[in-house]
Amino acid sequence: MNYSFEAELGKALDMMLQEEIDEIMNSELPEHVFSRRHEIRMKKLLSEGVHTSFSTRKAFKILVAALLSILLGIGVAASVSKEFRGILKDTVIKITDSINAYITHGEISSAFSLDEDTKTGISYTTKTEKSEFENKNNVFSSESYEEKLWEPEYLPNEYSIVYEWYGDLSGSIGYTSNKDGHTIMFHYENIDSTLFVNNESIELEQFENEGVKYFAFVADEGSDKESMIVWYEDDFIFSIHSKSDIKILKKIAYSVKNIK
Amino acid sequence: MLLILLEMLDGEEENIFLKFYHENKRMLFSVAYKFTGSEHLAENALQEAFISIIKNKDKMLLMKGEELKRWSVVIVKNKCIDVMRKETKKEEVSFEDEKNITGAVTEDESLKRYEAETIKKYLSGLDEISKQILYMKYLFGYSYKEISKELNISEKNAEMKVYRAKNKLKEMILKEGIITL
């Protein structure tokens with residue numbers, strides 16, 4: 001019988017590792033509540049990991065599927081009548097288009113930041129046209145549960161909700177005034193994407209409330225620009241923008257509470 | 001055929017990481033906490049470990065059940081070493097501070113009588129880093145290149161560390177063996 005020290009070593013390591021795991025599993029696992037930061041990071045990491053790690057595999061499978069379909073189509077078409085060849089050609093084109101659509105859809109769904117900007121009504125999406133909002137050296141940015149996490153407790157009577165959207169650790173609520181038709185958009189995101197603010201011809205104010213620093217981009221009265229308040233709290237970035245009075249926006253901003 | 005092939009795209013592939021994380025996070029946290037003694041460092045190690053696990057998805061997908069669990073424990077412990085090293089800001093502490101092994105009889109011939117059960121007793125006397133190296137090389141079949149990536153060291157260095165760890169074990173076995181015989 002051939003003896004191999006390395007093979008025995010492998011067995012020994014296997015036994016040792018298993019004993020170690022058994023010991024951990026048999027002992028009382030520490031009552032640990034994972035920090036919110038950890039859970040957010042893990043959620044992001046795992047979702048990105050899933051997306052990036054399997055996309056190549058998927059793309060490969062799609063390509064194989066497409067190639068085989070085309071080959072199959074050509075093969076069959078060549079062996080049947082001219083009429084059938086035409087039909088098969090159309091079918092292959094349709095299949096290829098479907099596959100292309102599938103791939104494209106996958107790419108679009110991964111383009112999170114673009115989607116977010118579009119959905120939230122923050123129209124400042126073109127980097128070249130906009131200045132990046134920064135708090136000293138920190139660029140405000142964000143990420144996301146598909147449930148409402150934050151909500152303003154205060155809302156003027158004449159406003160009612162007209163739009164709600166909740167993504168992965170992000171959300172948007174739109175309100176409209178019954179009086180003047182002004183809309184207020186409230187938006188929150190976690191800290192992994194960047195928020196751009198158009199601050200051209202807009203005055204920047206900085207103020208503080210209960211230890212939170214707020215930045216207000218106040219539009220001139222009567223101008224067609226919107227005012228915006230941005231702040232950062234508990235790993236989230238928040239924004240409220242509207243043509244409504246900045247005082248109302250401030251009151252709403254101060255009233256935003258975590259509801260989870 | 002297309003339908004069959006497209007079916008391959010679906011299934012549970014995408015849930016593997018999430019499922020694995022949720023099923024094992026407490027156990028893996030316990031491993032990390034036991035190693036680092038700090039909840040904060042343990043969470044950091046867990047995050048780093050999953051980055052590594054995702055990077056090594058091909059390896060992961062070949063494993064199932066207990067093997068996967070054992071592998072992830074090794075990864076978590078590697079990352080514990082990393083985060084602790086960063087925390088103490090000491091470079092290559094345990095790796096580089098190892099004394100050179102001299103005078104040991106390291107011929108495999110001399111070790112022929114040692115079975116896994118016996119070797120295991122001596123393994124427990126090794127330092128954590130040596131054990132980690134041996135786990136990767138001899139339990140999970142990592143190449144030197146893979147070890148070097150996992151530990152952020154050069155391939156040559158990885159090879160040397162495997163050699164040292166193995167030699168250290170052999171030295172312990174033979175030394176003890178001579179005494180007890």
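I started with A:Y188 and A:F238 and found both of them buried. The model is a predicted one, and every value below is computed from it. A search over all chains returned 16 aromatic pairs. The rings of A:Y188 and A:F238 make a tilted pair, with 6.5 Å centre to centre and 45° between the planes. I placed A:Y188 in strand β8 (residues 183–194) of chain A and A:F238 in strand β13 (residues 236–242) of chain A, so this pair ties together parts that lie 50 residues apart in sequence.

Next I looked at A:Y214 and A:W231, which also form a tilted aromatic pair, at 5.2 Å centre to centre and 45° between the planes. A:Y214 belongs to strand β11 (residues 212–218) of chain A and A:W231 to strand β12 (residues 227–233) of chain A; the two are 17 residues apart. A:Y214 and A:W231 are buried.

Which residue lies over the face of A:F207? I found A:K250 there, at 4.4 Å from the ring centre. A:K250 also forms a salt bridge with A:E205, where the closest N and O atoms are 3.6 Å apart. A:K250 is in helix α5 (residues 246–254) of chain A and A:E205 in strand β10 (residues 203–209) of chain A, so the bridge ties together parts 45 residues apart in sequence. I noted A:K250 as partly exposed, at 22% relative accessibility. A:E205 is partly exposed too, with a relative accessible area of 28%.

In chain B I noted another charge over a ring: the charged end of B:K137 sits over B:Y144, 4.1 Å from the ring centre.

I searched for salt bridges over all chains and got 18. One of them joins the side chains of A:D14 and B:R70, at 2.9 Å from N to O. This pair crosses between chains, from helix α1 (residues 5–26) of chain A, which holds A:D14, to helix α5 (residues 65–88) of chain B, which holds B:R70. Are these two buried or exposed? A:D14 counts as partly exposed, at 25% relative accessibility, and B:R70 counts as buried, at 15%.

I checked B:K120 and A:E19 next; their side chains meet in a salt bridge of 2.7 Å, N to O. This pair also crosses between chains, from helix α7 of chain B to helix α1 of chain A. B:K120 is buried, with a relative accessible area of 12%, while A:E19 is partly exposed, at 44%. I also recorded a network in which salt bridges with shared partners join A:E20, B:K77, B:E128 and B:K131.

I went back to helix α7 (residues 116–123) of chain B, where B:A116, B:I119, B:K120, B:Y122 and B:L123 are buried. Why do they fall on the same side of α7(B)? They cover an arc of only 165° around the axis, which puts them there.

Last, I took the totals for chain B. I counted 10 helices and 0 strands. Of its 181 residues, 50% count as buried. Among contacts between residues at least 6 apart in sequence, 73% join residues at least 24 apart. The accessible surface of chain B is about 9,600 Å², and 52% of it belongs to carbon and sulfur atoms.

How values were computed
Residues are numbered from 1 along each chain as its sequence is written. Chains are lettered from A and ligands numbered from 1 in the order in which they are written. This is a predicted model: local features need pLDDT of at least 70, side-chain atom pairs count only at pLDDT 80 or more; totals for chains, interfaces and linings use all residues. Side-chain values use heavy atoms; hydrogens and water are left out. Buried means under 20% relative accessible area, exposed over 50%, partly exposed in between (1.4 Å probe, protein chains only). Helices (H or I, at least four residues) and strands (E, at least two) are DSSP runs, numbered from the N terminus. The arc is that of the directions from the helix axis to the C-beta atoms. Rings of Phe, Tyr and Trp (its six-membered ring) pair if their centres lie within 6.5 Å; planes under 30 degrees apart count as stacked, over 60 as edge-to-face and the rest as tilted. A charge sits over a ring if NZ of Lys or CZ of Arg is within 6 Å of the ring centre and within 35 degrees of the ring normal. Contact means heavy atoms within 4.5 Å. Accessible areas come from the Shrake-Rupley method with a 1.4 Å probe; for residues, only the protein chains shown count as cover. A salt bridge is a side-chain nitrogen of Lys or Arg within 4 Å of a carboxyl oxygen of Asp or Glu.
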